[in-house]
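I opened this notebook to record what I looked up in one structure.

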Amino acid sequence: MPNPGLDAIDRRILGVLQADARISNAALAEAVGLSPSPCLRRVRALERQGTIKGYAALVEPGAVGLPISVFVQVTLERQVEQALDTFERAIGGRPEVMECYLMTGDADYLLRVVVSDLTAYERFLKEHLTRVAGVASIKSSFALNQVKYATALPLAGV
């Protein structure tokens, strides 16, 4: 749900932080047209409100031996609350699952999984995903090339 309390300065702060979360408060303040103290107060308020969820380093998957991205469509036998909860708990604990979305359409869930190679994906599939109670079908698609990847939300015009 959008935060109606965000003004233009908050949006500028968020835009700058999305581009460079390591920017100093002094540089951030200068970039958004504030003095450092009010800028820091705004950043802290955005953190407290949950608008800023955290800060992270973006790591190149291939550089750490995880070059394979697999998009997995999972369909459950029944889409009832208990089955959804069971699946979500099982998937929530898997480190190779980078994203998991409850979907509309043909599949109940869409996962993005990163692995080192096809053998690692096969092991994840056989030892974990197929063992989750209530899974009816699994369809895997392997990404050949990442054409676009963004982490910054398009805040302009929102």
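**Entry 1: a polar pair.** I began with a term: a polar contact is a pair of N or O atoms within 3.5 Å, where one must be able to donate a hydrogen and the other to accept it. I also noted that the model is predicted. Then I looked up Asp 10, which sits in helix H1, residues 8-19. Its side chain makes a polar contact with the side chain of Arg 42, at 2.8 Å. Is Asp 10 buried or exposed? Asp 10 has a relative accessible area of 9%, so I logged it as buried. Setting aside neighbours within four places in sequence, I found Asp 10 in contact with Gly 5, Arg 42 and Leu 46.

**Entry 2: the cores.** I turned to the largest nonpolar core, which has 19 residues. Val 74, Leu 111 and Leu 129 are among those with the most contacts inside it. Which elements supply at least two residues each? I listed strand S1 (68-76), helix H4 (81-92), strand S3 (109-115) and helix H5 (118-127). A second, separate core has 12 residues, including Leu 6, Leu 17, Ala 29 and Val 43.

Entry 3: I placed Val 74 in strand S1. Val 74 counts as buried because its relative accessibility is 0%. Val 74 and Leu 111 are 37 residues apart in sequence, yet I read 7.9 Å between their C-alpha atoms. On the same terms I checked Leu 129, whose contacts include Val 72, Ile 91, Phe 124 and Ile 138.

**Entry 4: salt bridges.** How many salt bridges does the structure hold? I counted 6. Side chains of opposite charge can pair when their charged atoms come close. Arg 44 pairs with Glu 47, with the closest N and O atoms 3.3 Å apart. Both lie in helix H3 (residues 36-49), 3 residues apart, about one turn of the helix. Arg 44 is partly exposed at 40% relative accessibility, and Glu 47 is partly exposed at 26%.

Glu 96 bridges to Arg 94 at 2.9 Å. Here I found Glu 96 buried at 15%, whereas Arg 94 is partly exposed at 22%.

Lys 126 and Glu 122 meet at 2.7 Å, N to O. They are 4 residues apart in helix H5, so about one helical turn separates them.

Definitions and conventions. Residues numbered from 1 in each chain as written. Predicted model: local features only at pLDDT ≥ 70, side-chain atom pairs only at ≥ 80, totals over all residues. Heavy atoms only, no water. Core = buried A, V, L, I, M, F, W, Y, C linked by side-chain atoms within 4.5 Å. Buried < 20%, exposed > 50% of the residue type's maximum accessible area, 1.4 Å probe, protein only. Contact = heavy atoms within 4.5 Å. Salt bridge = Lys/Arg side-chain N within 4 Å of Asp/Glu carboxyl O.
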